[in-house]
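User: Please take a close look at one part of this model, the place where the two chains meet. I would like the contacts and the make-up of one side described.

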Amino acid sequence: MTSPPVLHLNGLTKTFGSVQAAQSISLELFKGEVLALLGENGAGKTTLMNMLFGHYMPDSGTIDIFDTSGTAKPLQLGNPQAAIAAGIGMVHQHFTLAENLDALDNIMLGSERFFDFRRNKTKAMQKVQKIMDDSGLAAPMNIPVGKLTVGERQRVEILKALYQDVKILVLDEPTAVLTPQEADKLFENITTMTKNGLSVIFISHKLREVLAFSNRIAVLRHGRKVGEISSKEANERKIARLMVGEETEISSRKKMKSGEAVLELDNLTISGSSKRESISNVNLIVKKHEILGIAGISGNGQTVLANAISGLLKPSSGKIKLESEILISNDPSNIIQAGVGRIPEDRHKDGIVGQMTVAENMILEDLSNKRIQSRGLLNREAIIQHCEDLSVKYDVRGPGANASARLLSGGNIQKLILARVFEAAPKLILANQPTRGLDMGAAADVANRLLEARQRGSGVILISEDLDEILSLSDRIMVIYDGELKAVETHDRETIGLMMAGEAA
Amino acid sequence: MAEIIQILLSDSFWAASLRIATPLIFGVLGALICEKSGVLNLGIEGIFVAGAMSGWMAVWLGAGLWGGVIVAGLAGAFFGLIHAILTVPLGLSQHVSGLGVTLFATSVSYFFYRTALPDVSSPPRIEPFRPLEIPILSDLPFVGPVFFQQTALTWLALFMVGLVWYIMNRTGLGVAIKAVGDNPNSVDAQGLSVYGLRIGAIVVGSALMALGGAFLTMSAFDAFFFGMVNGRGWICIALVIFASWKPGKALFGALLFGAFDALQVRMQTEVGAKVPTQVFLAAPYVLSIVALVIAARRAEYPRALLTPWFKGQR
C-alpha cells in the first residue's frame, strides 16, 4: 500500500464479565481502501467497531487517527462525539433509527443545533438527495421510519452515515437485507467513494462480496486477529478455514421424490391498508419431502404471506389447506398444534421472549407436553433438563438454561428456535429469512437442519432474500413481487434477480 | 336540560372551565415532555404539592408573585432531578421512583409548612395574581370575561402549549427528545447524550408541573391547604394518554376536564337537592375515564417509555 494510513488501532482489549471479547487487536486502515473484517459471530468484530466508535470503552489499547498531513492524533476513547468529529461513521447491524421520526429527521439528528428558530430541512434534503443520487441508495424521506421496510431502513442507516461527511465508514453487515443487484450497486458506489478518498471497513459473512470488493481482509476468531491477507491472494476456502478453524460445508441436497401436498393455498388474498401489506390471489402447493423457495426483496408481501399461514392475519378471501383440511380457525396456537413450525423473520421480536429464560423459551410452543408438566403445573427440573438436552443436540451456546434468552447471540437465538420447531416434528416448516444476519457456521447449520427436515418428510417453505441460499436449497422456486407470487421455470440467478426487481422474465 | 343549556351559554361557566383547566395544562405539558423522552413521571402529584407550597410560601416570606413562580419552578426541577437520577443513569423502576418522589415531595412540603407555621389553624393569605384587565377587550361581551379576565398564569399556560408544540415539532431539540423516547440508540449513534436529553426533559417537565401547583395557591386560591392538589397530578397522567402526547390535544383534554368540573359545580346548585353531590363530584373523573378509554385504544405510546437504557449495552 502506497497510500497514507488514516487509522491505527493499537492493542485494543475488552472484557465483558468472564468473556474476552477482544484481545489485543491491532489494525491499520489506509486511505481509499476497503478493509473487510471477517469472523464468526462472537469473534469480536462488532465489539472492536463499537470501541472504535466510542460506544465501548476499551480496557486497554489506543486508537490513532491520521490527519491530512499524516500526523497521528490519539482519539478520545469511549466518546461517540469524538469519533464523529474525527470523521468516523458507523452503520450498525441493529438499526439505530427512531421509528416515530421520518428518515430525514433521523439523518439530521445530531448534526443540527438544538435551538435554531427554523430547521433547515430543505437544505438538508438537498444534501441527502445529492448523496442518494451519487450512491443510488433511495428511500422515502418523509414518512415515519416505522412504516419503511427493513431494506429501506438499512438504506436510511447508510445515508445517515454518509450525511456526516465521514472519512472512515464502518459498515456492519450492510448487505444482509439488500437484493443482489442493490448490493452490487452499493459496492460499486463504495468503490467510487473510496476513489474520492473514503476509507471503508466492512463486516460481512458473504465471502463472495468480501473477495470481490475488498482490498484487504482481516480475520478475527475468539477475540483475536488470526490473519490478514490481501484479497487478491485470498480464496473462499482459505478464508473460511481461517474463520472457523475447520471447514464447514452444507450437506448436499439429495434427490428425493416429493410426496403428497402438505400445504395448499388457494387464491389467497389479503387486502391490507397499503399495497405492501397486501397479497393477491396467491396459489401454492408444498409437498412432503420438498423445499419451496420463495425469493423476493423484503416488503413485497413475504411477511403478509407468512403471517397468513401462521394464523396471525385473516385472509380476505381464499383458502389455506393443511393436508387438505381447510384451516378455518385462524388461531396461531391451533395452527402450531396442527403441525406448522414457524421460524419467524424477526427472531428477536417474534421468535423469543427476551425476558424469559432460555429454558422457558424452549417449551413456549409446547406447554401441554406431558414431559414438562402435569395437571397444569410445570416441572422446572424437567424443563431445565429438556433445555440442556436440546442445547447439546442443537448446539445452542450461551450463559445457560436459566439466563434470559435475550443474552444469546443472534445465531444461538436461531438455534434455540430451530430446536423448538424441529423437536415438535412439524409437517410444515415456515422459515422466513432464517439465515439473515447469521455467520457462516450458523447459516450452514440452519440449512442442514432444513434439509434434514425435508429428508424426514416435512414440507418446507423457505422465504429468503439470499438468492444463493434459495438456489442451493430449493426443489422449486417462486418469486414474490408486489404481493403476487410467480413460479420460476428455470433456476438461474439472472432470471430470478430480474423477477425480484419486478421485470417480467 | 334547559338548565344545562343555560349553564353552557353563561360566560362564567367558560371562564371557570379555563381557570380549572390551567393547572392541568401545566401538568399535562410537563408529563408530556417527560414521557416523550421515554420516562414516566409519577412524581407529578407530589411535585404539584411542592410547587403549590413553595411558591405560596416564597410570596408569604416576601418574594414577589413572579419570584414565587420561579421558586415553585425550581422546587419542581429539584424533585424532577431526583426522579431523573434514579430512573435514567441508575435505571430504576420508573413507577416505584415516581411514587417515591410523590410521597417525598408531599411530605417535605407539609413538613416545611408545619415548621414555618407551627400553631396556625388557618394559613396566612397572600395577595394572589389578579385577572389581567385589558382595556376594551375585557369589556367585550362573553369573550371579555372568558379570556380577558384570567390571570397571568393562565396566559402563561396557554403560551406554554404553543411553545412546547413549537419545540417538539419545529426544533432539533424536539426531534432529539422524540428520538430518545422511541429508540435511545438512534440518539447515541449520532453522538448525542441519551442521559442528558432524558434528565433535561424530566427536569424541565417537572418544573412545568410545579407551576400547575403554584397556580392553585397563587391564582385560584390565596393560601396553601393540605390535600388541595387532590389528584390533579394523576388526572394529568391520564390526560397525556388521552392527548396521544400532542400538546394541542393536551390543551383540549385539559379544557374538557375543566368544563366537566365547572359543569358539575353548577349542576349541583341546580339539581343538587334531588341527586347526591357525590355523583357530581365523581362525574368529571368518570367522564375522563370514558374519554380515555375511547382515546387510549388508538394511543401510540413512545416505544421506549419505561425502558431504561444503559451506555455500552445494546
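Analyst: What follows describes the interface between chain A and chain B.

This is a predicted model, in which local features need pLDDT of at least 70 and side-chain atom pairs count only at pLDDT 80 or more, while totals for chains, interfaces and linings use all residues. Residues are numbered from 1 along each chain as its sequence is written, chains are lettered from A and ligands numbered from 1 in the order in which they are written, and side-chain values use heavy atoms, with hydrogens and water left out.

On the side of chain B, 24 residues are in contact with 32 residues of chain A (contact means heavy atoms within 4.5 Å). The size of an interface is often given as the accessible area lost when the parts come together. Here chain B and chain A bury about 2,300 Å² between them, and 57% of that is on carbon and sulfur atoms; buried area is the accessible area (1.4 Å probe) that two parts lose on being put together, summed over both.

Between the chains there are 9 residue pairs in polar contact, both residues being at pLDDT 80 or more. A polar contact is a pair of N or O atoms within 3.5 Å; within protein, one must be able to donate a hydrogen and the other to accept it, and residues adjacent in sequence count only if both atoms are side-chain atoms.

Helices H7 (152-170), H8 (172-182) and H9 (184-189) of chain B are the elements giving two or more residues to the side that touches chain A. Helices are DSSP runs (H or I, at least four residues), numbered from the N terminus. H8(B) supplies the largest share of this side, 7 residues. By class, the side of chain B has 9 nonpolar, 8 polar and 7 charged residues; Ala, Val, Leu, Ile, Met, Phe, Trp, Tyr, Cys and Pro count as nonpolar, Asp, Glu, Lys and Arg as charged, and the others, Gly among them, as polar.

The count between chain B and chain A is 1 salt bridge, defined as a side-chain nitrogen of Lys or Arg within 4 Å of a carboxyl oxygen of Asp or Glu. Glu99(A) pairs with Arg303(B) in a salt bridge, with 3.2 Å between the closest N and O atoms.
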